Structure formats: structure tokens, C-alpha cells
Amino acid sequence: MSGPLAGIRVIDLTRAMAGPYATMMLGDAGAEVVKVERPGTGDDTRGWGPPFLDGADGSRESGYFLSVNRNKKSVCLDLKDEAEIRRLHQLVASADVVVENFRPGVMDRLGLGEQALADLNPRLVGLSITGFGQGGPEGHRSGFDQILQGEGGLMSITGPRGGPGLKVGVPIADILAGIFGAYGVVASLYERERSGRGQWVYSSLLGGMVAIHTFQGTRWLLAGDVPKPGGNAHPSIQPYGAFDCSDGQINICVGSEGLWRRFAPLVGVDPEDPRFATNGDRVERILELEEAMAPALGSATVDEWVDRLEEAGVPVGRVATLDEVYDSPQVSHLGLIDEVEHASLGTLRLPGSPVVYSRSERGRATAPPLLDEHHREVLGEG
């Protein structure tokens with residue numbers, strides 16, 4: 001592997017989404033990621049589907065697993081076996097980073113608690129990802145994405161105007177816990193260059209949910225306003241959201257008064273109409289504004305409106321389906337689809353890393369591994 005983290009070794013004890021997403025990010029940046037899995041079954045997500053793909057060797061691979069496990073090596077160790085735990089200790093002793101998302105207390109039972117790891121490898125950086133964080137009255141609770149999208153408030157502000165709340169269409173609580181965890185690992189590796197010592201990093205699904213509240217959080221903390229689902233409308237800027245055309249939807253983002261004066265005549269609205277003259281007026285009268293805009297927007301197609309608004313300099317975009325996204329010339333230009341050679345499935349196209357470096361080469365992605373595919377390479381046995 002090449003990349004800014006080339007030479008860094010990560011022992012990945014995680015499964016499902018949050019931990020694997022974090023270690024995938026580290027692998028994308030060039031780290032060697034050794035994924036330690038249960039013999040026989042491996043990561044839970046190897047059994048999650050559909051879709052499943054049948055391999056040439058008779059194996060069955062899960063699309064869910066394939067989505068977040070590129071750039072990793074797989075080894076199987078039975079962590080109920082003392083000899084296998086000793087092998088794990090040897091791996092950790094040679095590593096720079098260990099990542100885990102076990103239930104509280106499991107790492108201690110494996111002899112890999114924080115102090116034990118510091119004694120084993122003082123330069124080791126550890127990442128622990130949990131649902132509700134370390135300690136506190138709810139730190140013991142199991143954390144699944146759906147649970148934390150609800151308990152972290154995201155569902156209460158997502159959904160059609162007036163409710164009910166809806167979850168986001170991807171496991172965003174898991175993904176954010178992974179992203180913040182990977183960020184903490186990289187920051188700790190940098191700090192290690194000064195101190196010579198490792199440290200432990202903690203990330204949680206609840207923490208990630210609260211961290212992204214941004215202006216919705218300050219609506220409550222600073223103004224005492226409890227946000228509710230608002231559909232596709234922005235609570236602070238208008239018109240800003242998704243609008244119906246004759247054959248589909250477009251997103252329009254009128255983020256300044258100058259843009260409003262260019263946009264309003266295109267949809268048959270007087271920009272000086274006292275009902276809509278300022279952004280505050282438009283937010284307060286959003287239903288009236290949408291009603292006034294609807295006839296014009298509904299009289300032309302998505303493509304026609306995109307052309308008109310782009311010509312006027314008004315930010316606009318299609319509401320694309322995933323097949324349209326992956327066929328996009330811009331997605332191709334940015335290299336957002338990895339083509340990898342899988343040991344059993346052959347050539348695969350997978351979502352790729354969005355990060356590009358000006359000097360550090362982003363190495364060619366490797367396919368998600370077969371279960372225990374790298375046992376001999378990593379452990380020198382089997």
C-alpha cells in the first residue's frame with residue numbers, strides 16, 4: 001500500500017459497520033489493516049443480505065460486507081482459545097493501532113485492557129467504538145444504528161413536514177462513529193510523534209449524532225426551539241429544498257437576497273412582493289411561497305429547469321437515483337468507484353474513497369478479503 005499512512009499497522013477487531021468503516025478509512029490512507037475474524041463465520045455482516053454474490057469457488061459473499069471492507073487482510077483467531085489469544089497479543093505487539101467495538105469488559109477478559117495494552121506496546125494507539133460512550137448511566141447499553149438515530153435525535157428532525165420521524169437511508173450513526181474514530185486515531189498518531197507514547201481514543205454512535213446537530217442543536221440550546229421534521233424544506237433559508245417539476249424533483253438553493261432577485265421572476269414571483277421580500281418573510285410564509293412557485297415549476301421538466309436556473313446562476317441539482325449517480329461522468333472523473341479483483345468473485349465495482357492527496361499517492365484499492373484469506377501471510381502458519 002501507498003498513501004500517507006503507509007507503514008502503519010492496524011489490528012481490526014471490529015465487526016458490522018462503525019468499526020469496519022473506521023478501519024477502511026485507515027486502509028484507504030495506506031495503513032496495513034489486519035482484520036481478525038471468528039473462525040467459520042467471520043464478521044457478522046458476511047451473513048447480511050440480500051444481495052449475495054456466488055463465488056467461483058462456491059463461496060457466498062455479502063454485498064453489505066463488501067461495501068466497507070476493502071484494503072484489508074483477513075485472519076481467523078478463536079478468542080476463546082488461550083493459544084489463539086497469545087497469537088493476537090503478538091499481533092498487537094507489532095502494531096501501531098488496535099480498533100475494537102466489543103461490549104464493555106470483553107477487552108479486559110482477553111487480556112487487552114488499556115493498561116495491559118500499554119504494557120505490551122507503549123506506542124500503541126487504541127480506538128474503542130461504543131453505542132452510548134464510555135461509562136455514565138447508559139454506557140452499558142448496546143448500540144445499533146437504528147437505536148442511536150432515534151435516541152440521538154436525528155429521527156426527530158428527519159421526515160415529512162409534521163412528522164413522523166424517519167431514519168436516514170444509510171446507517172449514518174455507525175458511519176459517523178467510524179469517521180470520528182478514524183479522525184481520533186490519526187490525531188493520536190500525530191501526537192505520538194511528539195510524545196513517543198500511544199493513547200486510547202473513544203468514539204460513540206451517540207457522540208456522532210450529537211456532533212452533527214450543528215444549527216439544529218443551537219435552535220434548542222440557544223433559542224429554546226425544539227426542531228421537528230420539516231420534509232425537504234430548510235428551517236432557516238427559503239426557498240431552499242426539493243421542488244416538483246413536471247417529470248421529477250430538483251433541489252433549489254436560494255441562499256442570498258441577490259439569488260432571490262434572480263430566481264423569483266423565473267417562477268412568476270415578484271421579488272419585491274412584501275410577503276416574500278426578505279429571507280425571514282419567506283421562511284415564515286413557506287407554504288404560501290411554495291404555492292406561488294408551484295405552477296411555474298410544474299410546467300417544465302427537470303432538465304429544462306436545470307438549464308434555466310444554471311443559466312441564471314441559481315444553484316440547482318437533480319434528485320438522482322443511485323444508478324444515475326454511478327453513471328455520472330463527474331463521479332467517474334473523481335475516481336469514486338473502485339474496480340477491484342476479488343479472489344472468488346472476479347472483477348467488482350465498489351464505492352471508493354473520496355479523499356485525494358496532492359503528493360501522497362492513493363494506492364490501487366484491494367478487494368474485501370475472503371474469510372481467513374491472509375492467514376499464512378500474516379501469521380506465517382496454516
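Two strands count as paired if DSSP finds at least two bridges between them, and strands (E, at least two residues) and helices (H or I, at least four) are DSSP runs numbered from the N terminus. This is a predicted model, where local features need pLDDT of at least 70, side-chain atom pairs count only at pLDDT 80 or more, and totals for chains, interfaces and linings use all residues. Residues are numbered from 1 along each chain as its sequence is written, and side-chain values use heavy atoms, with hydrogens and water left out.

**View 1. β9 meets β10.** Here β9 pairs with β10 (residues 249-253) in the antiparallel sense, over 5 bridges. Look for Gly-241: its bridge partner in β10 is Ile-252.

**View 2. The open sheet of 3 strands.** The order runs β9-β10-β11, and the pairing is antiparallel. β9 (240-244) and β11 (316-318) sit at the edges with a single partner strand each, so one side of each has no neighbour in the sheet.

**View 3. Around Val-97.** Contact means heavy atoms within 4.5 Å. Beyond its neighbours within four places in sequence, Val-97 touches residues including Ile-8, Val-10, Leu-124 and Leu-189.
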